[in-house]
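Welcome! Take a moment to look over the sequence and the 3D picture, and then let's walk through them together.

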Amino acid sequence: MKEQTLAVQRMQDYIGDHLTQDITLSELARASLFSPWYSYRLFREYLGLTPAEYIRRLRLSRGAMRLREENARIIDVVFDLGFGSVDTFTRAFYREFGLNPSDYAKEPVPIPLFIPYGAKYRELRKEQVDMSDLQTVFVQLIRKPERLCIIKRGVAAEDYFPYCEEVSCDVWGILMSMRSLCAEPVCMWLPEAYKKPHTSTYVQGVEVETDYMGIVPEGFDVIRLPEAEYLMFRGEPFREEDYCEAIRAVQHAMDGYDPTVIGYCWDDENPRIQLEPRGERGYIELRAVRRIEA
């Protein structure tokens, strides 16, 4: 991997570890191991934002999540995240999300949270993965209830990276701002019955109750999914830089699994589901099954 990519990643990691503190370009330069001028240039070139813009957007999104999840006081969020004053935070929050933080705290609505994707992942996904040393994959049968899923369709994408190119990675930020039945957004491969003409197989969405009466963001669709059983395939915890290997290990195990040994067959009338790769819990995918009638 290029040293420039690793330098940008080190700056992102430093920001994540020191977000509640003052962060200077000199400190980022020390983290990157390059000069301040070159560090600034690399950061902007790789991420499309200046360090100051990146820090501001990340702090605002963290602040929004605290207002939604912790019922935190605005003044506590302001000073914990280093905004200096409530007025400064309020103006920045409004510019970023189009509403005042006090209104959002009272009635959270879908907003485009900033999701900081690491620079190193652009390089990692291009590398060849050795599948000779496979990890353990755990398999569990679970049942998902009937539910609605608020989804954003792409154009022709069959997987994550083409989907992001079609709809942008900002979709995930909107989904993260919405309450979900399973506590997080989902990615899905849709069967033909759930697709619209000239739209993607791969979509991202959030599962909600069947009586959901909240806001559906502009450009999103709602589909109804039936109660169904799934096999959940879960890999071992992994280092973030090994996420490609973690995904492929689970998918390799799932492709080779025969559900008839437990009395089931694959149910391809329901979407296959992917959860966000998180190193501390292992990579997770779910594929629908139905019991074989005797």
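How many salt bridges does the structure hold? The structure holds 23 of them, where a salt bridge is a side-chain nitrogen of Lys or Arg within 4 Å of a carboxyl oxygen of Asp or Glu.

## Before we start

This is a predicted model, in which local features need pLDDT of at least 70 and side-chain atom pairs count only at pLDDT 80 or more, while totals for chains, interfaces and linings use all residues. Residues are numbered from 1 along each chain as its sequence is written, and side-chain values use heavy atoms, with hydrogens and water left out.

## Salt bridges

Side chains of opposite charge can pair when their charged atoms come close.

Another joins glutamate 146 to arginine 224, at 3.1 Å from N to O. Glutamate 146 sits in the loop between strand 1 (137–144) and strand 2 (147–152), and arginine 224 is in strand 5 (residues 221–225), so this pair ties together parts that are 78 residues apart in sequence. Helices (H or I, at least four residues) and strands (E, at least two) are DSSP runs, numbered from the N terminus. Glutamate 146 is partly exposed, with a relative accessible area of 42%, and arginine 224 is partly exposed at 45%. For these words, buried means under 20% relative accessible area, exposed over 50%, and partly exposed in between (1.4 Å probe, protein chains only).

Next come aspartate 267 and arginine 290, which form a salt bridge whose closest N and O atoms are 3.5 Å apart. Aspartate 267 belongs to the loop between strand 7 (264–266) and strand 8 (272–274), and arginine 290 to strand 9 (residues 284–291), so the pair ties together parts 23 residues apart in sequence. Is aspartate 267 buried or exposed? Aspartate 267 is buried, with a relative accessible area of 9%, and arginine 290 is partly exposed at 43%. Salt bridges that share partners also join Glu184, Glu276, Arg278 and Arg281 into one network.

## Patches on the surface

Patches are made of residues with over 30% relative accessible area and no salt bridge; like charges are joined within 9 Å, and nonpolar side chains (Val, Leu, Ile, Met, Phe, Trp, Tyr) within 5 Å. Which residues gather in a patch of negative charge? They are Asp13, Asp17, Glu240 and Glu280. Glutamate 240 is found in the loop between strand 6 (228–235) and helix 11 (243–255), and this residue is partly exposed, with a relative accessible area of 45%.

Ile75, Phe79 and Val86 make a nonpolar surface patch of about 250 Å². Isoleucine 75 is part of helix 5 (residues 74–80) and counts as partly exposed at 38% relative accessibility.

## Cysteines and a buried alanine

How many disulfides are there? The count comes to zero, a disulfide being a pair of cysteine sulfur atoms within 2.5 Å. For cysteine 187, the closest cysteine sulfur is in cysteine 164, 8.3 Å away, which is too far for a bond. Cysteine 187 is buried, with a relative accessible area of 5%, whereas cysteine 265 is partly exposed at 23%.

Finally, find alanine 92 in helix 6 (residues 86–97). Alanine 92 counts as buried at 3% relative accessibility. Its C-alpha atom and that of aspartate 80, 12 residues apart along the chain, are separated by 15 Å.

Note on methods. Areas by Shrake-Rupley, 256 points an atom, 1.4 Å probe, with all protein chains shown as cover. Lys, Arg positive; Asp, Glu negative; His and termini not counted. Charge placed at Lys NZ, Arg CZ, Asp CG, Glu CD.
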